Amino acid sequence: MATALVRRRFPRLSRVTAAVLTSAPRKAEGGGGESPRKEEEEEENPKITGAGSRPAAAIRLLTPPGYRVLHKPAAYARSRAGSCGRALGDPPASPGATREHRGLPAASFQVLPAARSALAKPPRRRNPPALAKREAEREQRELHDSKEDPRAFQQGRPEYKSLSYDRFEPLETVPWEEGEAVLRGAAAQGGLRSPAALAEGFQKLSRLPEERHAALVSEPGFNALCCCVINRIQSFSTPELVEVLKACVRLRVPPAHPVLDACERDFCRRAWAMSLEQLLLVADCWRCLERAVPSYLGILFSYAGRSCKELALPQLVQLLYIIGEGRKSPPDLVQKLEGVIWKHLDSCTLEEVGAICLGLFKSLSAVSDRLVRRIADRVSPRMEEMSTYALVNVLKMLRYARLDHLPLLRELGRVVPPRIPATNVQGVMHITLTCSSLHYYDEGVLAAVAAALPSKVAYCRSKDAAKFLWSFGCLDYEPPNEEEFYSSLIEHMHRKLHEFDKFPEHLLTGLLGLAFVGRFPEELIDYALRDDFVQKTRASKYELGKDLFTLGKSVEIECPGYRGSRLAPQLYQEMTEMVLAFAEQEIYVRPEIVEAESLLRSVLGGPEYVRSHMILPHTRSSDLEVHLAADGRPVPFNSKAAAGKKLEDIGVSLTDELMAQLIEGKSGRQARLEAENEAAAPGREQTGAEQAPHASFAGRALSIGTSWQVVPKPGGCLEAPRSPVPHQQPRGVKLAIQVSNRNHYCYLSKRLLGLHRLKRRQLRRLGYVVLELPFWEWFPLLKRTRSEKLSYLHYKVFDPALLGRAA
């Protein structure tokens with residue numbers, strides 16, 4: 001009761017916590033393996049989770065000092081794996097079985113004694129039939145058919161019947177006796193049958209009852225019929241060969257079957273004599289068969305490129321669907337198609353708009369921002385009329401284009417939250433990931449996702465769990481059910497650990513998302529920092545070294561009690577050099593940082609008082625470091641800059657007058673000037689320019705008293721005097737000045753993103769006081785006068801509250 005009250009009053013108190021979690025006995029069953037796709041939307045088969053005998057598991061989070069929270073995790077529903085489609089241009093994947101992961105046994109964690117009573121609660125009794133019905137309904141909602149779902153747009157117009165395979169086409173079922181007759185005839189007559197008779201035989205077999213299809217493919221008579229087709233394939237007319245291919249789709253002939261090899265070769269041979277409708281229909285059949293046909297697609301794309309201006313709307317949408325399923329297309333074709341999309345966009349249904357976006361997204365096809373904005377303009381006023389699937393496809397396109405569209409995003413916050421409970425978990429993931437990728441914070445969307453996710457987590461792929469953690473961490477959102485939300489996802493990451501060997505990027509994505517919000521699950525971190533896992537990351541198509549660097553250094557700073565695996569020093573050195581080299585070229589030279597550093601040198605008294613560098617290279621952003629003594633005076637510490645200044649001062653130009661001085665001593669002119677200066681010095685009065693200035697910023701006067709005399713340099717800038725006391729004073733202040741920009745914050749807000757929240761938290765942990773020059777103040781000042789900028793920096797750096805904060 002008291003703990004709940006504290007959490008309600010202080011919600012951030014449980015951000016960095018020690019939690020003990022247990023999972024109900026459960027065992028992972030086998031599931032089909034699949035090769036990763038060569039684009040952002042790589043799909044992995046979800047593994048089957050069912051009842052079994054796996055021991056209970058406990059997950060321990062690393063505990064930065066000060067917090068300890070125990071709780072009971074949510075229960076998880078059972079799931080059944082749905083099959084995921086293969087890219088049309090990819091080779092067939094061989095089936096694989098789910099293996100038990102040996103690197104981190106599920107029963108290797110201990111439940112802390114203090115948690116036993118909190119976790120030991122009697123299960124509630126439920127009505128088994130009602131529970132089974134609810135689970136069946138939920139499972140039906142969660143299943144995603146990656147082969148059929150993208151084809152929903154084909155039901156919207158009758159024109160698609162001639163461009164695509166229609167699995168809903170009503171066909172008269174043929175009795176088994178007729179099928180047996182076809183098989184006997186094929187075995188007896190062999191190659192004597194005509195192509196028309198062979199095509200008719202295939203059609204009859206494909207109309208047999210579906211339960212007969214699996215056994216039919218292995219029948220000797222069917223093999224004989226296929227041999228007849230292969231031997232006489234060039235004698236078939238194009239419509240006859242198309243009917244044979246459609247029959248193979250209905251029979252679910254394996255993608256590598258010899259009869260399909262022969263069909264592909266012959267369709268490639270005759271492609272230029274076919275119509276565009278026939279080419280698109282054949283390509284659709286290959287997709288239904290899940291067979292990779294890169295040569296055929298290349299011919300189709302060349303054909304379409306020559307006649308793209310004549311494409312009708314259904315032909316355009318079907319072509320883009322095929323391009324997306326093939327995962328690639330010639331860049332010049334997409335450029336030509338962009339104009340055709342503009343032509344037909346206003347006539348498209350909302351489902352067709354979603355199909356266009358999905359095709360462009362899957363093929364990683366870049367189109368103009370103007371077209372993406374036009375699509376968003378088309379969708380936002382009618383979002384309620386769209387299916388969630390089509391809407392998610394539009395969001396994918398926005399995400400890939402990195403394009404904000406405020407009317408669409410605001411409408412998203414109104415339309416989507418009520419749909420979240422009925423949306424499958426992959427759709428929910430893409431909605432959440434779009435918000436984080438665009439840095440768009442919508443509490444209504446995030447709260448709806450957090451409330452629904454614990455009951456859906458069993459249906460997550462490893463990728464889904466990782467993206468949820470990343471998105472919530474990136475936006476630094478604390479859901480009301482924070483402990484239940486995070487514990488369910490962390491436990492699911494443990495269950496999916498075997499998948500991270502194949503997809504190491506997902507484990508690092510999830511762990512970084514957790515690190516952003518101050519959560520460090522020890523066992524998962526230990527596994528991610530092991531040498532063998534680091535080697536797997538090197539084989540990834542993504543650059544994961546920086547993610548390992550950020551994770552490893554964050555653990556060092558925030559988890560002093562961690563005793564698990566650590567990254568090799570060589571990797572730290574390699575990543576540090578890489579990040580600093582990038583910073584020299586791209587970050588330190590940014591105008592807002594260069595200007596701030598230059599002016600701070602003037603305010604503080606020279607380059608030795610400020611240093612522009614990365615205090616924490618693993619956070620990938622720069623700092624301006626300044627040291628102040630206990631009394632507020634600046635302390636010189638940048639010995640490198642001071643040495644450079646001395647070397648500059650040493651340089652002297654040899655003039656005629658200097659040579660005369662070296663030979664004869666002081667010149668007469670110089671002696672006279674010195675005498676005049678000495679005579680005037682005792683009676684000299686301060687001018688108005690030399691008196692302590694009173695600058696104004698943000699409506700408040702900045703009085704600089706006698707202890708902070710500001711002496712004008714020749715250029716008219718303000719400079720704080722150097723401290724006459726020793727440099728190292730007790731209880732001084734180390735300032736880490738952040739020159740922020742819009743990319744550090746959520747879109748159109750002053751809410752810091754997770755990475756920068758992590759950085760500031762770690763700087764404070766290392767003893768720095770974080771001082772920000774926020775972009776909404778500093779960027780407008782860059783256009784103002786030098787004195788205004790100096791007054792602003794003086795106001796920020798010499799704020800007495802900084803010393804109090806350090807104390």
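**Figure 1. Contacts across the whole chain.** Of the contacts (heavy atoms within 4.5 Å) between residues at least 6 apart in sequence, 79% join residues at least 24 apart. The model is predicted: local features need pLDDT of at least 70, side-chain atom pairs count only at pLDDT 80 or more, and totals for chains, interfaces and linings use all residues. Residues are numbered from 1 along each chain as its sequence is written, and side-chain values use heavy atoms, with hydrogens and water left out. The chain has 34 helices and 10 strands; these are DSSP runs numbered from the N terminus, helices being H or I of at least four residues and strands E of at least two. Of its 807 residues, 53% count as buried, where buried means under 20% relative accessible area, exposed over 50% and partly exposed in between, with a 1.4 Å probe and protein chains only.

**Figure 2. Helices H20 and H22.** Two packed helices are described by the angle between their axes and the distance between the axes. The axes of H20 (residues 462–474) and H22 come within 7 Å and cross at roughly 25°. Axes are lines fitted to C-alpha atoms, for helices over the stretch in contact, and angles run from 0 to 180 degrees between N-to-C directions. H20 and H22 are therefore roughly parallel to each other; angles under 35 degrees count as roughly parallel, over 145 as roughly antiparallel, 65 to 115 as roughly perpendicular and the rest as oblique. Their crossing is left-handed, a term for a near helix turned anticlockwise from the far one by less than a right angle, with right-handed used if clockwise. From H20, the contact takes in Ser462, Lys463, Ala466, Leu469, Trp470, Gly473 and Cys474, and from H22, His506, Thr509, Gly510, Leu512, Gly513, Leu514 and Phe516. The residues of the contact of H20 with H22 are seven nonpolar, six polar and one charged. Here Ala, Val, Leu, Ile, Met, Phe, Trp, Tyr, Cys and Pro count as nonpolar, Asp, Glu, Lys and Arg as charged, and the others, Gly among them, as polar.

**Figure 3. Helices H22 and H25.** H22 (residues 504–516) and H25 (residues 545–558) have axes that come within 10 Å and cross at roughly 40°. That makes H22 oblique to H25. The crossing of H22 with H25 is left-handed. Leu508, Leu511 and Leu512 of H22 meet Asp547, Leu548, Thr550 and Leu551 of H25. In this contact, five residues are nonpolar, one is polar and one is charged.

**Figure 4. Gly179 in helix H4.** Gly179 belongs to H4 (residues 176–189). Its relative accessibility is 0%, so Gly179 counts as buried. Leu205 is 26 residues from Gly179 in sequence, and the two are 5.5 Å apart in space, C-alpha to C-alpha. Not counting residues up to four places away in sequence, Gly179 touches Val174, Leu205 and Leu208.

**Figure 5. Gln315 in helix H12.** Gln315 lies in H12 (residues 313–326) and is buried, at 11% relative accessibility. A polar atom of its side chain is 3.0 Å from the backbone nitrogen of Ala312. Leaving aside neighbours within four places in sequence, Gln315 is in contact with Leu163, Leu276, Glu277, Leu280 and Glu310.

Figure 6. Most residues other than glycine have a negative phi. Arg327 has a positive phi, near 70°. Arg327 sits in the loop between H12 and H13 (331–344) and is buried, with a relative accessible area of 7%. Phi of Asp476 is also positive, near 55°. Asp476 is in the loop between H20 and H21 (482–495), and its relative accessible area of 1% makes Asp476 buried.

Terms used. A polar contact is a pair of N or O atoms within 3.5 Å; within protein, one must be able to donate a hydrogen and the other to accept it, and residues adjacent in sequence count only if both atoms are side-chain atoms.
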